[in-house]
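I opened the model and kept notes as I went. The entries follow in the order of looking.

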Amino acid sequence: MSTYLLCASPIQGHAAPVIAIAHGLVARGHDVTVLTGSRFRDAVEAAGARHRALTGIADFDDRVIQDHLPERDRHRGIAKLEYDVQRIFVRPMPEQFRALGALVAELEPDAILHEAAFTGVIPLLLDDPASRPPIIGVGVIPLSHRSVDTAPGGLGLPPRSDVIGRLRNRALNAFVAKVVFRRTQALADRTVRELGRPGLEEFLFDFTTRCDRFLQLSPAEFEYPRSDLSPNVRFAGTVLPPSPAPAGLPDWWHDLDGERPVVHVSQGTIDNKDFTRLIRPTLDALADRDVLVVAATGGRPVAELGELPANARAAEFLPYDLLLPKTDVFVTNAGFGGTQYALSHGVPIVAAGDTEDKPDVAMRVQWTGTGLSLRTGTPTSRAVGTAVDRLLSEPSFRERARAMARRIAEVDGVSVIAAELEQAASARRAASASAR
């Protein structure tokens, strides 16, 4: 048995995969503690692990993200991404680091596992590896490491590795690091120095290249190829959190067993303040189609959707493990977790996202041929309808999505992670024994 400390930002899409990993490690007989937001206590304890809560500004509730990001709606595009990164990931670093340090001293873990956006590990990564436990990162968002073959994250651009493409990539990577995120980088560097470490030499989005191992939680086929991929990266397959057991299925559930194609639409649980961004355009676009549209409001009252077309059904939450096998097309704001969940069931995707990592998820959907990117978070009804029509009429999208589902099914992500952790823990124990 080994002792592991797992860390996650208090965001559903970041914490849920880490909690699923914790459950798998506990089932293998390991002692597991999860450091994350206080709202995830019940989920962590249900996984059989111990929960430790973040404190201060590091412990926010993503279900009311507007309370944590009061000026978010004043920004657009990259400026909004920079605002989000500073408030959600950089400013909480000191609180995360102090909580992490206290638990390392208390638990003396054999290894630490953190999701890619948990910046509290940065000061530890700047220390001598011999002075700290092994640190394993897991990617619950698209791989953000800069590359000569890819544009920087946040722009939603496809990869290009030809001469012109690499010139484009170098220029954009330099511009984003030195101009667009100059203030964010300066804030991160200053924060690290205030925590008693030397400055942050690499770009903030590249800090996970310092991890002893970085495990990207997706099939390699869903990620852009990089000729300069960091040697610490391994594709570990997908970790899909279990779908919560429904309190009861909606009374319209039997409608899903009819002959009409089912189109599911969701804006997730964070970007669901304004349903006119995606759900309403989808309902309007498909109102006259011979399909059944199923909307999930992510916890918001269904009444806020307004009047539903005759071919539409809605609920606050729906069990994806039961819904997706009945779904023909998924219209989504391109959250990484939801996209992976849909692809695990071979469901082609219409992706429409323009915040956080969503433009990059959407472009990966299009690049892999598993769906279409609308390249906006506020598509018109016409654009949604045209995209859904294509996915229903062109078999190649479903074929590609089913091929991705087969790749996802081939790898047990939790087993890969458990093996990496145990290898790191064993190496540390051996090094400690030889040093005595």
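**Sheet and two residues**

I began with β5 (residues 135–139) and β6 (residues 213–216), which pair in the parallel sense over four bridges. Pairing takes at least two DSSP bridges between two strands. Strands are DSSP runs of E with at least two residues, helices runs of H or I with at least four, numbered from the N terminus. Gly 137 has Phe 214 of β6 as its bridge partner.

This is a predicted model: local features need pLDDT of at least 70, side-chain atom pairs count only at pLDDT 80 or more, and totals for chains, interfaces and linings use all residues. Residues are numbered from 1 along each chain as its sequence is written, and side-chain values use heavy atoms, without hydrogens and water.

I then traced the whole sheet. It is open, with seven strands in the order β3-β2-β1-β4-β5-β6-β7 and parallel pairing. β3 (50–53) and β7 (233–235) are the edge strands, each pairing on one side only.

Next I checked Pro 134, in the loop between α6 (122–125) and β5. Pro 134 counts as buried because its relative accessibility is 9%. Buried means under 20% relative accessible area, exposed over 50%, partly exposed in between (1.4 Å probe, protein chains only). Beyond four places in sequence, Pro 134 is in contact with Asp 110, Ala 111, Ile 112, Asp 212, Ala 424 and Arg 428. Contact means heavy atoms within 4.5 Å. Pro 109 lies 25 residues from Pro 134 in sequence and 9.0 Å away, C-alpha to C-alpha.

Last, I looked up Gln 340 in helix α11 (residues 336–344). Gln 340 is at 3% relative accessibility, so it counts as buried.
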